[in-house]
Amino acid sequence: MRELRTNQPLTAGSNLSALVRGLVAAVVAGLLGTAIHASLTYAGDIPLVWGVLVAWLLLGLLVYWSVIASGKLWAGAVGFIGCYLVVGSISYFGNDSLILPLQYLQVLPGPTIASLLWMYGMIVPAVISLFAALRVLRKRQR
């Protein structure tokens, strides 16, 4: 069994494996995040959109994983951009109501707020996880 040297990177992947990791992160986060983002609870008349937080956490973890596992920062960017494309495709081509547009705000305020936060706020966990992964990659190179 080979020993791992301290200066040897933990992962040595090709560009193809980084692309595959990014695409897997995109599809999994896009599908599962869209499925869970509308989970909410009401505190009186105020919707508590906890499903969006879980979907954001899932996206952030998958973007972080794709960067750390491949050793390439662009794999996480592929994961985020791909996730946005998956969610956009679901909202554009879907005949269901997984992603609600702003016009439903008066009728269904909770699910509409959750949809808007998921669709337009997913950049927040993606950027945070990209910066966290960049920090780890820089520490590995030292």
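**Around Trp-118**

Reader: Start with Trp-118. What does Trp-118 touch, leaving out residues up to four places away in sequence?
Author: This is a predicted model, to begin with. Trp-118 touches Ala-29, Gly-33, Thr-34, His-37, Val-52, Ala-55, Trp-56, Leu-59, Cys-83, Val-87 and Ile-99, with residues up to four places away not counted.

Reader: Which residues have the most contacts inside the largest nonpolar core?
Author: They are Leu-59, Phe-80, Cys-83, Val-87, Trp-118 and Met-122. The core has 23 residues.

Reader: Which elements give two or more residues to this core?
Author: H1, H2, helix H3 (73–93), helix H4 (109–121) and helix H5 (123–141) do. H2 gives the most, with 8 residues.

Reader: Buried or exposed?
Author: Cys-83 counts as buried, because its relative accessibility is 0%. Under 20% is the cut-off for buried.

Reader: And what is Cys-83 in contact with, neighbours within four places aside?
Author: Ala-26, Ala-29, Gly-30, Leu-59, Trp-118 and Met-122. Take Ala-25 too: Cys-83 and Ala-25 are 58 residues apart in sequence, and their C-alpha atoms are 7.5 Å apart in space.

Reader: Stay with H3. Which residues of H3 are buried?
Author: Ala-75, Gly-76, Gly-79, Phe-80, Gly-82, Cys-83, Val-86, Val-87, Gly-88 and Ile-90. The cover over the buried residues of H3 includes H1, H2, H4 and H5.

Reader: Why does the span of H3 agree with what it should be?
Author: H3 has 21 residues, so at 1.5 Å a residue it should span 30 Å. Its end C-alpha atoms are 30 Å apart, which agrees.

Reader: How far does H2 reach?
Author: H2 covers residues 50–70, which is 21 residues. From first C-alpha to last, H2 reaches 30 Å, close to the 30 Å expected.

Reader: What comes just after H2?
Author: Gly-71, with a positive phi of about 80°.

Reader: Over to H4. What about Ser-115, buried or exposed?
Author: Ser-115 lies in helix H4. Ser-115 counts as buried, because its relative accessibility is 2%. Not counting residues up to four places away, Ser-115 touches His-37, Leu-98, Ile-99 and Leu-100. His-37 and Ile-99 are also among the residues that Trp-118 touches.

Reader: Now the outside. Which residues form the nonpolar patch on the surface?
Author: Leu-16, Leu-19, Val-20, Leu-23, Val-24, Val-28, Leu-32, Trp-65 and Trp-74. Together they have about 780 Å² of accessible area. The largest share, 7 residues, comes from helix H1 (residues 15–36).

Reader: Pick Val-24. Why does Val-24 count as partly exposed?
Author: Val-24 lies in helix H1. Val-24 counts as partly exposed because its relative accessibility is 40%.

Reader: Zoom out. How many helices and strands does the protein chain have?
Author: The protein chain has 5 helices and 2 strands. From the N terminus on, the order is α-β-β-α-α-α-α.

Reader: What share of the protein chain is buried?
Author: Of 142 residues, 36% count as buried. The protein chain exposes about 8900 Å², and carbon and sulfur atoms supply 68% of that.

Definitions and conventions. Residues are numbered from 1 along each chain as its sequence is written. This is a predicted model: local features need pLDDT of at least 70, side-chain atom pairs count only at pLDDT 80 or more; totals for chains, interfaces and linings use all residues. Side-chain values use heavy atoms; hydrogens and water are left out. Helices (H or I, at least four residues) and strands (E, at least two) are DSSP runs, numbered from the N terminus. The expected span of a helix is 1.5 Å times one less than its number of residues. Patches are made of residues with over 30% relative accessible area and no salt bridge: like charges are joined within 9 Å, nonpolar side chains (Val, Leu, Ile, Met, Phe, Trp, Tyr) within 5 Å. Accessible areas come from the Shrake-Rupley method with a 1.4 Å probe; for residues, only the protein chains shown count as cover. A salt bridge is a side-chain nitrogen of Lys or Arg within 4 Å of a carboxyl oxygen of Asp or Glu. Buried means under 20% relative accessible area, exposed over 50%, partly exposed in between (1.4 Å probe, protein chains only). A nonpolar core is a set of buried Ala, Val, Leu, Ile, Met, Phe, Trp, Tyr and Cys residues joined through side-chain atoms within 4.5 Å. Contact means heavy atoms within 4.5 Å.
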